[in-house]
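Me: Could you walk me through this one? I'd like to know what the terms rest on.

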Amino acid sequence: GIEFGMEVQVTPTIKITGVASIADFRYSDNADHLFVSEDEDNSSKGYIDFGKVYLKNYKTGGTAQQAYSLGFEYRDPKYWWFGVNGNYIADNYINLTRFTRTDYFYKSGYYLMDDGNLSSGSVSINPETGNAVNQQDVDSLLTQEKFDSAFLLNAVGGKSWKLGKKYVGFFASISNILGRDYKTGGFEQARKGDFVALQADKHRETPVFGNKYWYGNKATYYLNLYIRF
């Protein structure tokens, strides 16, 4: 990724700022997936080896991969000021669950053996086609969710006065003036561990174990009054 920032003092009272971040964060390989179990005293009880997790080329979640900001600020010689900035975020993806991207997701009847490894039965049958689950079925079901882009407008301002040897003033801000609804992040659940179960849940009008999300606040306001000796 690359980042760029600038700050230009156009006049003694006017300043322009700009920031840009453009990236392509993705998984570069397929990691091994181990499930570790511990006792209450934190002593290990062993692990289950789920084998490879096929994550290569999926996007990493948790952050927008494109972000831009442009701001304007005015500071008056009479000790008042205000600023406005617009922010645009895009290419934000959900965090992936690992287990549904292992070999065991294709199969039914898997069980734990004494050596801590998993064994599995036959490949699951796709109820929609009547055929064995293939990679195209899995890719379609496990398409990584991409969140909608969002534009946020914020404003700040303040003023101060000198009263004898004291200073009094205020600082105020409004975030997300337009009151946009937007997702900041989220994660897939791993409650359904095979293709047939997850497909059935996703086809429900309201999935029981659907994706979980975090949302940014709508318009928020902040006011600070102060006196300085």
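**The cavity and the sheet**

Reply: Lining the largest cavity are I89, A90, D91, N92, F147, D148, S149, A150, Y182 and K183. This is a predicted model, where local features need pLDDT of at least 70 and side-chain atom pairs count only at pLDDT 80 or more, while totals for chains, interfaces and linings use all residues. Residues are numbered from 1 along each chain as its sequence is written, and side-chain values use heavy atoms, leaving out hydrogens and water.

Me: What makes it a cavity?

Reply: On a 1 Å grid over the protein atoms alone, a cavity is a set of points where a 1.4 Å probe fits but cannot get out, and lining residues have an atom within 4 Å of a point. The whole-structure search finds one cavity of 30 Å³ or more. The largest has a volume of about 40 Å³, volume being the space filled by probe spheres set on the points.

Me: Which strand gives the largest share of that lining?

Reply: Strand β6 (residues 80-92), with four residues; a strand is a DSSP run of E, at least two residues long.

Me: How do you know that β6 pairs with β9?

Reply: Two strands pair if DSSP finds at least two bridges between them. Here 10 bridges join β6 to β9 (residues 150-163), running antiparallel, so they count as a pair. N85, for example, has N154 in β9 as its bridge partner.

Me: Why is one side of β1 and of β13 left without a neighbour in the sheet?

Reply: The open sheet of seven strands runs β1-β2-β5-β6-β9-β10-β13, with antiparallel pairing. β1 (2-9) and β13 (220-228) stand at the edges, each with a single partner strand, so one side of each has no neighbour there.

Definitions and conventions
1 Å grid on protein atoms, 1.4 Å probe; cavity = no way out; pocket = protein on both sides within 12 Å on 5 of 7 lines; lining within 4 Å.
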